[in-house]
Amino acid sequence: MTTPRVTTELRPPEPPPEASQIGAVVWLRRNLFGSVASSIVSVILGVALFFMLRGILGFLFAEERLWEVIPRNATNYAIEGYPRSNIARIWLSLDIVLFLAGLSMAVWKPTGRTSLASLAAGVRSLGMVLVLVGVLAPDSFQSRGVAAVVGLGLVALSYLGVRLSDAAALTERIPTLGLVAAGAGGLVAVLWLLPIASTTRIPYTIAIVVGVVGHLVGRAAVGRFAPGPLRAIVVAIWLVSLPVIYLHIQRNPVVDWDTVTGSWLPWIAAITIAGTGIIAVVSRSDRERAGVMNAVMVIATIAIWTISAPMVARALLFVLTVLSLATPTFGSSGVGRRNMLLTWLAGAAFVSYIFVIGDAGTGLATRNEYYGGLSLTMMLAAGGLLLSLPMGILLALGRTSTMPIFRLLSTGYIEVVRGVPLITVLFIARFGILNFLPENLEFDPNVLVLGGITAFSAAYLAENVRGGLQSIPKGQYEAAKALGMTTAQMTMLITLPQALRAVIPAIVGQVISLFKDTSLVAIVGLAEFFRVARDIVPNQTNSLGSIIENLLFAAAVYWIFTYNFSRASQRLERRLGVGTR
Amino acid sequence: MSDNGKKDIVICDDVKKWFGDFQALRGISTTVREGEVVVIIGPSGSGKSTWIRCINRLEVHQEGRIVVDGIELTSDVKNIEKIRSEVGMVFQQFNLFPHLTVLQNITLAQTWVRKRTKRDAEEKAKALLERVGIQEQAAKYPGQLSGGQQQRVALTRSLAMDPRIMLFDEPTSALDPEMIKEVLDAMKELARSGMTMLVVTHEMGFAREVADRVIFMDQGQIVEEGTPEHFFTDPQHDRTKLFLSQIL
């Protein structure tokens with residue numbers, strides 16, 4: 001018979017046991033030489049790795065390599081084909097982007113994740129790589145001794161730094177400002193001390209300083225405004241500044257003001273004023289009257305294509321109809337009505353701006369494509385992402401809709417576009433589509449190709465988003481319905497936000513392939529980054545025969561970008577807690 | 001309709017429903033008066049959940065009539081949304097929105113469906129959270145709460161819409177024994193405040209204590225119906241006796 005047992009005093013929680021530190025020898029024995037078989041494998045792979053590294057370094061540092069062509073062609077790589085006399089416009093664009101980047105860093109991450117310990121680990125890794133290069137590089141690499149010594153120095157520095165500091169200081173997080181200041185200082189020092197970019201030191205320095213200033217402005221703003229609205233404002237500035245940079249700053253638009261004031265302005269003013277009234281009335285109407293008004297709006301949007309109205313009027317009417325359709329669901333309460341009206345006014349101003357500036361002749365256009373290189377690659381990638389994400393979401397919603405017409409159209413679009421190679425889409429976008437457009441319409445070839453990339457990428461994104469929508473449990477739909485939400489409210493507030501979170505990794509995968517796929521536009525004649533590396537630089541008289549160097553450089557640049565996308569997505573996933581719901 | 005505010009708020013008349021060839025409801029006819037607490041018991045697969053899910057049209061009945069607060073449930077979308085905003089529902093699996101905080105879970109439908117201002121909605125949410133004793137959890141996400149707390153948030157989310165009828169679909173079946181009581185206490189308080197409630201549950205203590213009427217269902221039909229005293233002391237039908245003998 002067991003005697004009853006009672007614990008009179010419950011124990012408080014104890015700290016976990018400390019992880020035991022293991023030395024290098026123990027680690028090696030455990031992980032590489034644990035058994036005879038694994039020792040043999042380790043030795044064989046070690047030898048293979050040694051010869052591979054030696055071979056690669058021997059190739060990279062061989063005497064016949066022409067690495068100097070890359071800094072010499074830096075401007076070609078950045079902007080190929082853009083008139084050099086207007087290069088200040090490119091620098092201004094870079095300044096704006098860096099300013100916003102600095103600002104965003106301060107707004108989103110006032111305290112970084114980096115600690116002194118992880119910085120030291122980074123320095124140690126860099127040192128080890130330098131030592132390895134110094135030891136294994138062929139004799140033709142004259143600085144191999146310097147590399148080895150500098151590497152050893154870095155390893156020793158980080159080791160001593162960790163030894164001499166106390167543990168608390170090592171794990172403390174460094175404020176982002178410190179990192180930004182140190183990084184900017186380091187870059188400026190490199191610019192002025194090393195013989196690279198010697199002609200563009202001043203504009204680069206200005207751009208770096210502007211980035212730091214943006215960070216300081218952001219820090220000042222963080223204390224003053226609530227985080228939610230502040231972030232919304234920064235996102236809005238980004239979204240507006242990208243087309244402004246492309247349409248306004250990088251070109252020199254020559255606007256035909258007579259046409260604009262004579263025939264466009266009346267349309268713009270009339271639709272803007274009428275739209276404000278329509279949205280105000282629809283938001284106060286009951287369902288039936290709103291439905292009738294929206295039906296009239298849809299008919300008007302189609303009808304305006306039959307009369308000779310300017311394109312800006314057609315676009316404005318389209319935006320107005322979309323907003324008016326959304327008004328009964330999202331704009332019928334006081335705040336909703338105000339937001340809807342503000343959205344309409346901002347949207348009308350933005351659309352008018354795009355058409356007035358975008359349709360204008362460009363003083364810079366010495367040929368069809370007025371710039372190329374990395375700038376064009378970035379424009380195609382950023383523009384393609386920003387445009388194809390909303391389009392992909394709409395297609396996904398269409399394909400999962402209960403309305404057969406939307407389902408049929410979306411499914412048809414997705415299946416057709418996914419079944420066609422990107423190159424075909426690009427050819428149709430660049431050369432084919434012009435046959436279907438009204439004759440008086442002229443499009444910048446870059447914009448046509450951007451349209452092709454967007455159309456292609458949207459079909460793939462739609463399938464990713466659809467996967468996310470399918471992963472939402474049935475109970476979420478039921479709970480939203482049981483609260484009396486309409487289908488549109490349920491989608492926008494409950495299911496779509498959760499679906500997008502669930503498919504972030506898939507979307508980033510799509511972004512990475514979109515970024516790399518921009519290299520295909522070389523085939524339809526645009527001088528983007530990869531074409532500069534493959535054709536343009538190796539054909540310069542002073543760079544003949546440098547094909548391999550340029551291709552390796554291009555590969556390295558693509559890798560740096562895509563690797564950072566993938567790291568950013570991992571951070572985003574962690575922050576949104578995907579998988580830990 | 002009779003007087004003293006005791007009007008018939010839910011009327012079901014020969015409600016039938018099939019899933020494919022399987023008939024889940026074989027003609028349910030009953031009436032729920034305003035302020036009445038009706039507890040529905042029965043073995044699994046007897047159609048209890050299907051029936052109350054028909055009342056806010058999460059399931060569509062194929063034959064018969066359901067009238068809620070004077071509005072007949074048809075496929076007219078406007079009627080359905082009107083009825084859903086008057087009928088609250090608490091689910092077995094809570095179904096909180098995991099991407100929103102507790103406070104946002106409770107204010108979302110108030111602002112978008114009831115068109116309340118954000119401030120009014122938050123005041124209402126905080127008052128209700130205090131009533132169920134979890135006001136300090138308002139800023140947390142559902143994943144950070146215990147099951148009992150989540151279910152009380154779900155109850156609050158429904159009550160914030162000022163429903164006239166509350167449906168409960170096995171609200172305590174997914175909870176640990178220690179947490180069942182806190183949810184039942186909140187439901188008992190609600191019953192005493194005069195809310196019309198239809199509760200599918202296996203908690204016989206709850207039925208005995210607060211139900212005005214108990215309905216026993218089997219094979220898609222109402223087998224026996226009566227006061228708790230009748231049920232727990234003098235059940236008539238053999239199927240009811242067998243069921244009660246197994247669970248009590």
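Reader: Which residue with a positive phi follows H1(B)?

Author: The model is a predicted one. Helix H1 of chain B covers residues 48-55. After H1(B) comes a residue whose phi is positive, near 60°, and this residue is Arg57(B).

Reader: Which residue is the bridge partner of Phe216(B) in E10(B)?

Author: Strand E9 (residues 213-218) and strand E10 (residues 221-226) of chain B run antiparallel and are joined by five bridges. They form a hairpin with two residues between them, and Gln219(B) in the turn has a positive phi of about 50°. Within E10(B), the partner of Phe216(B) is Glu224(B).

Reader: Which helix of chain A gives the most to the positive patch?

Author: On the surface, a patch of positive charge is formed by Lys109(A), Arg173(A), Arg567(A), Arg571(A), Arg574(A) and Arg575(A). Four residues of the patch come from one helix, residues 547-576 of chain A, and this greatest contributor is H24.

Reader: Is Arg575(A) buried or exposed, and what is its relative accessible area?

Author: Arg575(A) lies in helix H24 of chain A and belongs to the positive patch. The cut-off for an exposed residue is over 50% relative accessible area. Arg575(A) is therefore exposed, its relative accessible area being 54%.

Definitions and conventions:
Residues numbered from 1 in each chain as written. Chains lettered and ligands numbered in written order. Predicted model: local features only at pLDDT ≥ 70, side-chain atom pairs only at ≥ 80, totals over all residues. Heavy atoms only, no water. Patch = residues over 30% accessible without salt bridge, like charges linked within 9 Å, V, L, I, M, F, W, Y side chains within 5 Å. Areas by Shrake-Rupley, 256 points an atom, 1.4 Å probe, with all protein chains shown as cover. Salt bridge = Lys/Arg side-chain N within 4 Å of Asp/Glu carboxyl O. Lys, Arg positive; Asp, Glu negative; His and termini not counted. Charge placed at Lys NZ, Arg CZ, Asp CG, Glu CD. Buried < 20%, exposed > 50% of the residue type's maximum accessible area, 1.4 Å probe, protein only. Pairing = 2+ DSSP bridges.
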